[in-house]
Amino acid sequence: MPHVLILGIDPRAVPGMDGDAIRAALEQELARFGDHAIDASMTLIELDESAESTIVAALSEHSWDVVVIGGGIRKPEPLMPLFEQVVNLVRRHAPKAAIAFNTSGGDSVEAAQRWL
């Protein structure tokens with residue numbers, strides 16, 4: 001069974017978002033991986049100094065086949081340095097994993113499947 005890690009920003013940490021509703025949708029997407037015989041895990045980071053250590057810990061849990069980097073990390077232009085940091089952490093700590101990008105929290109399965 002392939003192993004997929006999804007990295008994103010914890011929606012509860014973003015002011016003005018309905019974090020609980022978005023978190024519920026992300027959990028539904030995570031459950032959808034099981035329908036495709038894919039073992040998936042999701043790590044949601046806070047936008048603070050704990051982000052790097054949280055990501056490194058998640059990347060070190062398995063030999064990941066694919067790491068999906070969510071749009072919350074890569075789309076907002078002010079987060080470009082974080083996006084670069086995440087890509088480089090994946091390269092360093094999960095060098096055999098393909099890197100995939102979703103377009104929303106609802107198509108992470110399809111993003112991962114492109115590389116499985």
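## Helix packing and the Trp115 contacts

Trp115 sits in the segment that follows α5. The model is a predicted one. Leaving aside residues up to four places away in sequence, Trp115 touches Val66, Ala98, Ile99 and Ala100.

Next, helix α1. It covers residues 19-34. Its 16 residues, at 1.5 Å a residue, should span 22 Å. The end C-alpha atoms are 24 Å apart, so the span agrees with expectation.

Which residues of α1 are buried? They are Gly19, Leu26, Glu29, Leu30 and Phe33. Viewed down the helix axis, these buried residues fall within an arc of 100°, so they line one face of α1. An α-helix has 3.6 residues a turn, so residues three or four places apart point the same way. The face of α1 turned away from the buried side carries exposed residues: Asp20, Gln28, Ala31 and Gly34.

Then the α2 and α4 pair. The axes of α2 (residues 51-59) and α4 (residues 80-93) come within 10 Å and cross at roughly 35°. The crossing is right-handed. From α2, Glu52, Ile55, Val56 and Leu59 take part. They meet Gln85, Val86, Leu89, Val90 and His93 of α4. The residues of this contact divide into 6 nonpolar, 2 polar and 1 charged.

Terms used
Residues are numbered from 1 along each chain as its sequence is written. This is a predicted model: local features need pLDDT of at least 70, side-chain atom pairs count only at pLDDT 80 or more; totals for chains, interfaces and linings use all residues. Side-chain values use heavy atoms; hydrogens and water are left out. Axes are lines fitted to C-alpha atoms, for helices over the stretch in contact, and angles run from 0 to 180 degrees between N-to-C directions. Helices (H or I, at least four residues) and strands (E, at least two) are DSSP runs, numbered from the N terminus. A crossing is left-handed if the near helix is turned anticlockwise from the far one by less than a right angle, and right-handed if clockwise. Contact means heavy atoms within 4.5 Å. Ala, Val, Leu, Ile, Met, Phe, Trp, Tyr, Cys and Pro count as nonpolar, Asp, Glu, Lys and Arg as charged, and the others, Gly among them, as polar. The expected span of a helix is 1.5 Å times one less than its number of residues. Buried means under 20% relative accessible area, exposed over 50%, partly exposed in between (1.4 Å probe, protein chains only). The arc is that of the directions from the helix axis to the C-beta atoms.
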